[in-house]
Amino acid sequence: MPNEDPYAHLATYIEICNTVKIAYVPEDAIRLSLFSFSLSGEAKRWLHSFKGNSLKTWDEVVAKFLKKYFLESKTAKGKAVISSFHQFPDKSLSEALERFRSLLRETPTHGFSEPIQLNIFIDGLRP
């Protein structure tokens, strides 16, 4: 659905898949075979539009799913919010850190390396 978060969908799906263990069957094989059952409507039609076994790895499915359903405009907006991070005057350092981490989780495709993230966070702290 347009209002759903594809990362939250994947996280929930993986959490459910992790409850299934079959001897000698890799986790990724389970994820690949069950993924279509986690989808409905347009998303299910999109997945079935790939020919046969053209999606061979779980990482490939995830990459294509996120490219399709996590819009570039959402990534750009998230990157802008992360880049302009600042500590609110009435918030402690730990509260600021938790908010910053939350911003990073909301836009996992932000592309900022850990050193850049650290610089953004430190630059955003109040004097």
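A salt bridge is a side-chain nitrogen of Lys or Arg within 4 Å of a carboxyl oxygen of Asp or Glu. The structure is a predicted model, in which local features need pLDDT of at least 70 and side-chain atom pairs count only at pLDDT 80 or more, while totals for chains, interfaces and linings use all residues. Residues are numbered from 1 along each chain as its sequence is written, and side-chain values use heavy atoms, with hydrogens and water left out.

**Exercise 1. Secondary structure and dimensions**

Task: State how many helices and strands the protein has, and what radius of gyration it has.

Solution. Step 1: Helices (H or I, at least four residues) and strands (E, at least two) are DSSP runs, numbered from the N terminus. The protein has seven helices and zero strands.

Step 1: The radius of gyration, taken over C-alpha atoms, is set against a globule rule of 2.2 Å times the number of residues to the power 0.38. The protein has 18 Å, whereas a compact globule of 127 residues would have a value near 14 Å.

Step 2: The C-alpha trace spans about 55 × 35 × 25 Å along its principal axes.

**Exercise 2. The pair Arg105 and Glu98**

Task: Find the distance between the closest N and O atoms of Arg105 and Glu98, and determine whether Arg105 is buried or exposed.

Solution. Step 1: Arg105 and Glu98 form a salt bridge, with their closest N and O atoms 2.9 Å apart.

Step 1: Buried means under 20% relative accessible area, exposed over 50%, and partly exposed in between (1.4 Å probe, protein chains only). Arg105 is exposed at 52% relative accessibility, and Glu98 is partly exposed at 40%.

Step 2: Elsewhere, salt bridges that share partners join Lys21, Glu27, Asp28 and Arg31 into one network.
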